[in-house]
Amino acid sequence: MALQEEFEQQGVWLFKYRGTLPVLILFIGMGIYVYAALNPELFIIQDPAIKNYFLIFCIAVSLFGQYIRAYTVGHTPKNTSGRNTDEQIADTLNTTGIYSTVRHPLYVGNFFMWLGPALLTENIWFVVAFILFYWVYYERIMFAEEQFLRRKFKEVYTSWAEKTPAFIPSFKNFVKPNLSFSWKKVLTKEKNGFAAVFVIFCAFDVAAELLKGTQEFNIYLIIAAAISVVLYLILKALKYSSIMREEGR
């Protein structure tokens, strides 16, 4: 099998499991964080005050990734930029808004969302390993997606791709979004990502405290996680109601 076909085949398979396989890396990161919590000298940051600020920074990195995803999804039409896993879907080719600056903005957002917990481990080697894993993992997914789009949209796709970088944004050719921002679509499609950010950071903290045999939990993380889960459940319940439903988006 030629390398091009092999990359595409791998990308199609990884696309189907792109929401589950990275969780394995998350658990590895949690294990590293817990091990360091049991051996505090392994942490780079020792000062409690600085460590709290660093936690806020890590959460901000993840929320920045969620913001990128929300901005992307909020300006796109129906059956594009979704969380589908069974097959590639693209009724139209997105080329305006954030898609005029980068071809795969959702994966840029995913990178920052996962980078936050990776940074929290304070393990340089794990952060480097995460970046390399993400590169290899999503490079193949992006390749498979681009092959699909190239075959479907032909010259329209190649013309857009020639002037738009794949992963590192360039704003010199920015084009205003051709659709207004839809909060309803964002709340419907991205509710789980927002909740996951706080639940993951809370899980790191709770796991470390429990295994240390202490109960000095970060109450702010617990409250934030609880609120985000409640919001998720409310939005989940409203998903199919007329309040959240949008036609043609």
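## Helix H3 and its cap

Helix H3 spans residues 48-74, which is 27 residues. From first C-alpha to last it reaches 38 Å, close to the 39 Å expected at 1.5 Å a residue. That expected span is 1.5 Å times one less than the number of residues. Helices here are DSSP runs (H or I, at least four residues), and strands are E runs of at least two, numbered from the N terminus.

Asp-47 caps the N-terminal end of H3. One of its side-chain oxygens lies 3.0 Å from the backbone nitrogen of Ala-49.

## Basis of the model

This is a predicted model: local features need pLDDT of at least 70, side-chain atom pairs count only at pLDDT 80 or more, and totals for chains, interfaces and linings use all residues. Residues are numbered from 1 along each chain as its sequence is written, and side-chain values use heavy atoms, with hydrogens and water left out.

## The chain overall

The chain has nine helices and zero strands. Of its 249 residues, 44% are buried. Buried means under 20% relative accessible area, exposed over 50%, and partly exposed in between (1.4 Å probe, protein chains only).

Take the contacts between residues at least 6 apart in sequence: 81% join residues at least 24 apart. A contact means heavy atoms within 4.5 Å.

## Where H5 meets H6

Helix H5 (residues 124-153) packs with helix H6 (residues 155-163) at about 130°. Their axes are 6 Å apart. Axes are lines fitted to C-alpha atoms, for helices over the stretch in contact, and angles run from 0 to 180 degrees between N-to-C directions. H5 and H6 are therefore oblique to each other. Under 35 degrees counts as roughly parallel, over 145 as roughly antiparallel, 65 to 115 as roughly perpendicular, and the rest as oblique.

H5 contributes Glu-146, Leu-149, Arg-150 and Phe-153 to the contact. H6 contributes Glu-155, Val-156, Tyr-157 and Thr-158.

## Two buried loop residues

Thr-121 sits in the loop between helix H4 (105-120) and H5. Its relative accessibility is 2%, so Thr-121 counts as buried. The Thr-121 side chain reaches the backbone oxygen of Ala-118 at 2.7 Å. Leaving aside neighbours within four places in sequence, Thr-121 contacts Gly-29, Ile-32, Tyr-33, Phe-43, Phe-126 and Phe-204.

Gly-97 lies in the loop between H3 and H4. Gly-97 is buried too, with a relative accessible area of 2%. Not counting residues up to four places away in sequence, Gly-97 touches Phe-174, Val-175, Lys-176 and Pro-177. The C-alpha atoms of Gly-97 and Tyr-71 are separated by 9.1 Å, with the two residues 26 apart along the chain.

Key:
Polar contact = N/O pair within 3.5 Å; in protein donor to acceptor, adjacent residues only side chain to side chain.
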